[in-house]
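Here is a short report for a first look.

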Amino acid sequence: MHAVKRSDPLPSAHGRSLRGRTRSLLAAVLWLACFTATGAASWTAGVRALISDAPRPAGARVEVELGQLDPRLELAPCARITPHLPNGARLWGRTHVGLRCDQGARWNVFVPVTVKVFASGWAATQALPAGTVLQAGHLQLEEVDLAAESGPLIRNPEAAVGRTLARALRPGQAVREADLKARQWFAAGDTVRVVAVGAGFAVTTSGQALSPGIEGHSAKVRLDGGRVVSGRATALRRVEVVL
């Protein structure tokens, strides 16, 4: 009696593991497709409603770009998905919104969201390299994305003309305070006006600067009587001391 030879070898442990992972991945893809087809309309509408209720500048136009869920997620079917804002998150620029299952399962995932907030702002008329001293012709008023970067925009061109760019700007890019080098209001040795501000009063005196007065930074001044005080350089040859 002859032994029957198998035409196909028995699957190895590696092959069984590979097929198992393939089946898991396929199941995840099929679930995500089902989730997208049946639940996407509800959660995307909820996310957009959540963003539309968020405070924004008056007259601003908002655009929302919804990202995709991680296809590797294997989530149980859910009858009600509630969008929510994670602690510490802000509906501004690139952020995340939570999706919580409140009926049928218990899970909580996050989807990437980009919130663009458009309003009028001063932008570069052309490509401007770092070190450029801004002139009026370098700026124009146009619609810009306030949420594209952090930092406040300049509110009027006078605040930027004559200032030096700390970094390069693209054509149409909004000009922000952080794009401008800090101004030096006075040098060490200059005579400056010192304004001491308290609750409901202000006293003005003069003194000699002991350090350069860089915009927004602290500077030391020796008063006429010899006392040394520290204050913030706020304008040309002016130091403000808060009492």
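Helices (H or I, at least four residues) and strands (E, at least two) are DSSP runs, numbered from the N terminus. By that count, the protein chain has 1 helix and 12 strands. The order along the sequence is α-β-β-β-β-β-β-β-β-β-β-β-β.

This is a predicted model: local features need pLDDT of at least 70, side-chain atom pairs count only at pLDDT 80 or more, and totals for chains, interfaces and linings use all residues. Residues are numbered from 1 along each chain as its sequence is written, and side-chain values use heavy atoms, without hydrogens and water.

Of the 243 residues in the protein chain, 34% are buried. Buried means under 20% relative accessible area, exposed over 50%, partly exposed in between (1.4 Å probe, protein chains only).

Now to strand E12, residues 238–242. Two strands pair if DSSP finds at least two bridges between them. The table lists the pairings of E12.

| Strand | Sense | Bridges to E12 | A bridge pair |
|---|---|---|---|
| E7 (residues 191–198) | parallel | 5 bridges | Ala 196 with Val 241 |
| E11 (residues 228–235) | antiparallel | 3 bridges | Ala 235 with Arg 238 |

E11 and E12 form a hairpin, with 2 residues between them. In the turn, Arg 237 has a positive phi of about 50°.

What follows strand E12? Leu 243 lies in the segment after it. Leu 243 counts as exposed because its relative accessibility is 65%.
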